[in-house]
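Welcome! Take a moment to look over the sequence and the 3D view below. A short tour follows.

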Amino acid sequence: MNSFGTLFKITSFGESHGNVIGIIIDGCPAGLKIEKDFIQSELNKRKPGQSEISTSRAEEDEVQIISGVYNGYSTGAPICLIIENKDKDSSKYEFVRRIPRPSHADYPAMQRFDKWVDLRGGGRFSGRNTAGFVMAGSIAKLLLKKLNIKIGAYTRKIYNIEDPNTYTVDVINENIEKNSVRTVNLEIAKKMEQVIMKVKLEKDSVGGIITCIAEGIPPGIGEPIFNSLESNLAAAMFSIPAIKGIEFGIGFKASEMKGSQHNDPYEIEPKTKKIITKTNNSGGIIGGISNGMPILFNVVVKPTSSIGLEQDSVDLEKFENTKINIIGRHDPCIVPRTVPIVEAMTAIVLVDFLMLKVLIPPVLKDDE
Ligand SMILES: Cc1cc2nc3c(=O)[nH]c(=O)nc-3n(C[C@H](O)[C@H](O)[C@H](O)COP(=O)(O)O)c2cc1C
């Protein structure tokens with residue numbers, strides 16, 4: 001289950017404390033100019049140690065292009081991208097085999113893979129694997145750029161501090177790199193930062209909500225029934241560790257609305273003569289297929305499970321209840337680092353569906 005996608009297919013590999021973390025992209029069209037600096041700038045948004053609210057693990061996360069690129073362009077062969085793991089201290093993770101961390105993957109992983117599982121730094125369950133998602137996502141974003149499709153995600157909520165507004169992708173992208181929580185409103189950003197710093201001092205953690213918007217998707221992209229646009233976006237989001245929920249458009253608030261309030265009435269836009277809807281409660285997807293409005297969804301990120309406070313667990317060797325004190329480096333809030341990962345997985349899903357509709361052909365025309 002390490003591969004995802006139909007035509008634009010990604011395969012994730014590596015462990016948190018192994019030699020490398022990587023991704024193979026099979027199905028990238030030939031003739032795409034691969035901008036290494038762009039891949040690196042996307043990776044830098046996800047990497048640890050960006051600010052005081054992030055883990056102190058010091059990693060350069062420098063992308064290496066292993067295959068599938070010749071003279072700066074994709075060849076149509078599998079593209080393999082990796083980063084090395086350098087700053088690893090596995091000594092702090094031996095205890096989790098005996099005393100599993102509450103709400104981390106240690107216990108279920110040992111039930112699934114027995115003693116063979118690699119739990120160093122979280123192994124395959126570590127958020128570090130998402131560096132591969134971001135590398136593949138940056139290739140997908142380069143393809144989307146050709147169709148003028150733009151994606152922007154931002155932090156909507158941290159714990160009890162929320163920005164209820166929804167923004168355009170341009171406004172999101174103009175603002176989120178100006179503050180360490182990757183939100184749009186700078187005043188709200190300060191309050192969010194304070195909440196995270198407070199919880200860090202308390203040796204605890206918090207989660208939040210990320211909003212993602214994709215603009216420029218033509219109507220008619222997606223499939224009905226099983227691998228619908230909604231299903232695959234949801235599957236992509238749930239492949240990101242710590243994401244616990246997703247809602248499209250108005251989401252769960254639909255339960256409090258009447259049909260007359262929830263329906264998105266159609267109209268012809270006077271200037272462009274395009275068919276649009278007056279509201280976007282559906283989040284741009286109906287029947288598993290895009291309707292031409294911006295795709296809009298929220299995801300919930302849980303509070304980081306590794307906290308400094310003492311917690312209850314069990315000693316699996318002695319088979320008795322015990323206490324656990326987790327040592328190691330952890331983000332008190334992983335929401336800001338998850339923002340670029342949400343964008344990346346969205347881009348990957350969209351490219352896959354656009355290729356199915358042959359809006360992105362297998363060989364591109366000359367890039368220049
Ligand atoms: C970028 C990123 C960084 C993460 N860092 C940590 C961390 O430092 N400590 C931790 O306990 N969980 C961290 N996680 C979350 C765990 O990997 C995740 O909670 C765990 O694998 C269990 O999976 P689940 O929460 O999806 O059920 C991180 C997740 C992401 C996306």
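## Strands and the sheet

Two strands pair if DSSP finds at least two bridges between them. Please keep in mind that this is a predicted model. Strand 16 covers residues 295–301, and strand 11 pairs with strand 16 in the antiparallel sense over five bridges.

## Around the ligand

The ligand has 16 residues around it, and Phe125, Ala242, Lys244, Lys302 and Ser306 come nearest. By type, the shell divides into six nonpolar, seven polar and three charged residues.

For Lys302, a polar side-chain atom lies 2.7 Å from a ligand oxygen. For Ala242, a polar backbone atom is 2.9 Å from an oxygen atom of the ligand. Ser305 places a polar side-chain atom 3.1 Å from a ligand oxygen. How much of the ligand's exposed area does the protein bury? Taken alone, the ligand exposes 630 Å², and the protein buries 87% of that.

## A closer look at Ser306

Ser306, one of the residues that come nearest to the ligand, is found in the loop between strand 16 and strand 17 (311–315). Is Ser306 buried or exposed? Ser306 counts as buried because its relative accessibility is 6%, and buried means under 20%.

Leaving aside neighbours within four places in sequence, Ser306 is in contact with Arg101, His104, Ile326 and His330. Of these, Ile326 is 20 residues away from Ser306 in sequence, while their C-alpha atoms are 6.7 Å apart in space.

## A buried arginine

Our last stop is Arg182, in the loop between helix 4 (169–175) and helix 5 (186–201). With a relative accessible area of 4%, Arg182 is buried.

Which side chain joins that of Arg182 in a polar contact of 2.9 Å? The partner is Glu177. Beyond its neighbours within four places in sequence, Arg182 is in contact with residues including Lys45, Gln50, Tyr154 and Thr155. Pro336, Arg337, Val339 and Pro340 are also among its contacts.

Conventions. Residues are numbered from 1 along each chain as its sequence is written. This is a predicted model: local features need pLDDT of at least 70, side-chain atom pairs count only at pLDDT 80 or more; totals for chains, interfaces and linings use all residues. Side-chain values use heavy atoms; hydrogens and water are left out. A residue is near a molecule or strand if one of its heavy atoms lies within 4 Å of it. A polar contact is a pair of N or O atoms within 3.5 Å; within protein, one must be able to donate a hydrogen and the other to accept it, and residues adjacent in sequence count only if both atoms are side-chain atoms. Accessible areas come from the Shrake-Rupley method with a 1.4 Å probe; for residues, only the protein chains shown count as cover. Ala, Val, Leu, Ile, Met, Phe, Trp, Tyr, Cys and Pro count as nonpolar, Asp, Glu, Lys and Arg as charged, and the others, Gly among them, as polar. Helices (H or I, at least four residues) and strands (E, at least two) are DSSP runs, numbered from the N terminus. Buried means under 20% relative accessible area, exposed over 50%, partly exposed in between (1.4 Å probe, protein chains only). Contact means heavy atoms within 4.5 Å.
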